Amino acid sequence: MRLRRYVLALLAAILAAVIGVFVNLASDSKASSWVAVFGALVGTVILGLVEVWRSRARRALERPNIVPLVEQLRMPEAEHTAVLLKLEAQADSDPGLRQTVVDEVCRYVRQAAAQAQEFDEEVSVRSLSDEAKNGLALAQRILTRHLRASALSQGGGEFWPGIDLNLRNATLVDFDFSHCRTRTLSFEGARFFGLTSFRNSASDQYALFSQAVFEGFASFEQSTFHGDAAFDLTQFHNGVTFEKSLFAGDAIFSHARFAGVAEFGWISALGQTRFDRAYFGGRVTFSRARFEAETSFESASFVGTAELMHCYFSAGVTLRDARFVGEAYFDGVSVNGRLVFDDARFDGTLSLRDIASTEESRIESAVPALVSSVSASLVKAETEPLMDLASLLSEQGRVEEAEQLYRRAIDAGRQDALGGLASLLSEQGRVEEAEQ
């Protein structure tokens, strides 16, 4: 149909040129001369377009037909490793086939995972044949060696840029995606067994890991997420690190579960960051992380030690209804905006030394909620939070509240609180009370 339209347009242009020539010969009119010139130009342009179309058609005819290979890959009895290698070779030589081949390889991985009914403790697929296991391992290698920078690629594979990777609900074993780069990533519902590495990886648009399960340790260290990153409802069973990673879009970890250590030190989050109702079963650290937009830990649970030391929050942070069972360290935190601790609970030690803010009143507004929370959570003479809060209130000139906390610490047996109270009273000119 397109070729027919091009031919008709060309004939119309030639006809216009011929008519113009005859009119010019008959009347020697300037108007007819312009008609002839215009018709010739239009005809030339259309001829050029037709040639481009013919060239593309020739290339399409010359392009290898990968349909038979794709059909073989979908047949259970086929020798999948050989088919995968042939598809890889075709895509390596023809960039126009790369996304299609990646889609088919991803489909193969998802189907292989669906055939595996269960995994044993050594992370080997019980229900798959040796050929299927080898094919699954090869498929993973094909994807990673062509999505990794060529200088770092194992096996000398050429880098395939601009790829959309879809491994939703796939099962992956010892998946090494380090130094790989894609346009988009989709791993929703995927299960990762063994060691998983996304270290130094990058996604140009979105990266989706919602409801994924990481059975072994996972590393996202120094990864770059140029778009939104979704880890909501994701489970990390044996630890994870995101240290020094960049989140340029929104970072969503709502309802995520971290059973082991969780490391977010030195991350940079430029969009909204949400850990609402997240569960941290082990030690978690956000030390020296920078949050440039709204950040929320609302209703999050921290069972192990929580370290948020020297973090910077550019647009405020909320820990409303958060629960800290272990020690909680906020030393050196800097906040530009509102700091919300309403109804948060601290069962262990709370440290708030050297908190700074460009809007001091915002910090002050959070202190009463902290005092109330610590009061409700104070058990087994855990008085360190009282001392920290008393010192903070004293520095802010809130003498009555600081005095009250010092006296409560003294009643709980903290002898060093006597010195703090005496110093506070002396500064207020209440020398006699200080001496007592």
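Two strands count as paired if DSSP finds at least two bridges between them. Helices (H or I, at least four residues) and strands (E, at least two) are themselves DSSP runs, numbered from the N terminus. The model is a predicted one, in which local features need pLDDT of at least 70 and side-chain atom pairs count only at pLDDT 80 or more, while totals for chains, interfaces and linings use all residues. Residues are numbered from 1 along each chain as its sequence is written, and side-chain values use heavy atoms, leaving out hydrogens and water.

Overall, the protein has 11 helices and 35 strands. The β5-β9 pair belongs to an open, parallel sheet of 9 strands, ordered β2-β5-β9-β13-β17-β21-β25-β29-β33. At its edges sit β2 (171-173) and β33 (345-346), each pairing on one side only. Another open sheet of 9 strands, again with parallel pairing, runs in the order β1-β4-β8-β12-β16-β20-β24-β28-β32. Here β1 (164-166) and β32 (339-340) are the edge strands with a single partner strand each, so one side of each has no neighbour in the sheet. Strand β1 pairs with β4 (residues 184-186) in the parallel sense over 3 bridges, and Asp 164 has Thr 184 in β4 as its bridge partner.

As for burial (buried is under 20% relative accessible area, exposed over 50%, partly exposed in between, with a 1.4 Å probe and protein chains only), buried residues account for 47% of the 436 residues in the protein. The exposed surface comes to about 21200 Å², and carbon and sulfur atoms supply 51% of it; these areas come from the Shrake-Rupley method with a 1.4 Å probe, and for residues only the protein chains shown count as cover. Taking a contact as heavy atoms within 4.5 Å, 28% of the contacts between residues at least 6 apart in sequence join residues at least 24 apart.

Cysteines come next. A search of the whole structure turns up 0 disulfides, a disulfide being a pair of cysteine sulfur atoms within 2.5 Å. Cys 106 is buried, at a relative accessible area of 1%, and Cys 311 is buried with a value of 1%.

Asp 276 sits in the loop between β20 (273-274) and β21 (279-280). This aspartate is buried, with a relative accessible area of 14%. Its side chain reaches the backbone nitrogen of Glu 298 at 3.2 Å. Leaving aside residues up to four places away in sequence, Asp 276 touches Ser 254, His 255, Ser 296, Phe 297 and Glu 298.

Then there are the aromatics. Rings of Phe, Tyr and Trp (its six-membered ring) pair if their centres lie within 6.5 Å, with planes under 30 degrees apart called stacked, over 60 edge-to-face and the rest tilted. That rule gives 53 aromatic pairs. Phe 187 and Phe 198 make an edge-to-face pair, 5.5 Å centre to centre with 90° between the planes. Phe 187 lies in the loop between β4 and β5 and Phe 198 in the loop between β6 (196-197) and β7 (202-203), so their pairing ties together parts 11 residues apart in sequence. Both Phe 187 and Phe 198 are buried. Phe 242 and Phe 264, on the other hand, are stacked, at 5.1 Å centre to centre and 5° between the planes.

Key: A polar contact is a pair of N or O atoms within 3.5 Å; within protein, one must be able to donate a hydrogen and the other to accept it, and residues adjacent in sequence count only if both atoms are side-chain atoms.
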